[in-house]
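This briefing is meant to be read beside the sequence and the coordinates shown below. It goes through strand pairing, charged side chains and aromatic rings in turn.

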Amino acid sequence: RRLQEVKGAHTVGELQQIASEEDEEYVVEEIVNHRLDEDGEHEFEVKWAGFEGEENSWETFETVKSTIALDRYIERFPDLKEKYKEE
């Protein structure tokens, strides 16, 4: 699965169109949660643009590390901000 970051303000309809037009690319709408996996590494629950919440998936830091959605999410959690802000 390829990840696409869409920058700027978009309506949900625009995000759905972008997601449906791209072949096998998914647009991160937002990061909604995080947890530790069995190895103690963070996973992030991703809300995908154009998909309902039940389609959210847990993704590794490597998958979402260069997204604006992650930057916005970690600002709310000092422990995450300290760990990932520099990466």
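Is Lys81 buried, partly exposed or exposed, and what is its relative accessibility? Lys81 counts as partly exposed, because its relative accessibility is 34%. This value, like the others here, comes from a predicted model. Lys81 forms a salt bridge with Glu75, with the closest N and O atoms 3.2 Å apart, and Glu75 is itself partly exposed at a relative accessible area of 40%.

**The hairpin of β2 and β3**
- Strand β2, which covers residues 25–36, pairs with strand β3, residues 42–48, in the antiparallel sense, and the pairing runs over 7 bridges.
- Leu36 stands opposite His42 in β3, and 5 residues lie between the two strands of the hairpin, in which Gly40 takes a positive phi near 80 degrees.

**Charged side chains**
- The count of salt bridges comes to 4, and among them is the one between Glu29 and Lys47, whose closest N and O atoms are 3.5 Å apart.
- Because Glu29 lies in strand β2 and Lys47 in strand β3, this pair ties together parts that are 18 residues apart in sequence.
- The two partners are placed in separate accessibility classes, since Glu29 is partly exposed with a relative accessible area of 29%, whereas Lys47 counts as buried at 15% relative accessibility.
- Arg35 meets Glu43 in a salt bridge with an N to O distance of 2.7 Å; Arg35 is partly exposed, with a relative accessible area of 36%, while Glu43 is buried at 16%.
- The charged end of Arg35 also sits over the ring of Trp58, 4.0 Å from the centre of that ring.

**Aromatic rings**
- A search of the whole structure finds 6 aromatic pairs, including that of Tyr26 and Phe51, which is tilted because the planes stand at 40 degrees, with the ring centres 6.0 Å apart.
- This pair links distant parts of the chain, 25 residues apart, with Tyr26 in strand β2 and Phe51 in the loop between β3 and β4 (57–60).
- Tyr26 is partly exposed at 27% relative accessibility, and Phe51 is likewise partly exposed, at 32%.
- The rings of Tyr73 and Phe77 have their centres 4.9 Å apart and their planes at 35 degrees, so this pair is tilted.
- Tyr73 is buried, with a relative accessible area of 3%, whereas Phe77 counts as partly exposed at 23% relative accessibility.
- Ring pairs join Tyr73 and Phe77 with Phe44, Phe61 and Tyr84 into a cluster.

How values were computed
Residues numbered from 1 in each chain as written. Predicted model: local features only at pLDDT ≥ 70, side-chain atom pairs only at ≥ 80, totals over all residues. Heavy atoms only, no water. Pairing = 2+ DSSP bridges. Helix = DSSP H or I, 4+ residues; strand = E, 2+ residues; numbered from the N terminus. Phe/Tyr/Trp six-rings, centres within 6.5 Å; stacked < 30°, edge-to-face > 60°. Buried < 20%, exposed > 50% of the residue type's maximum accessible area, 1.4 Å probe, protein only. Lys NZ or Arg CZ within 6 Å of the ring centre and 35° of its normal.
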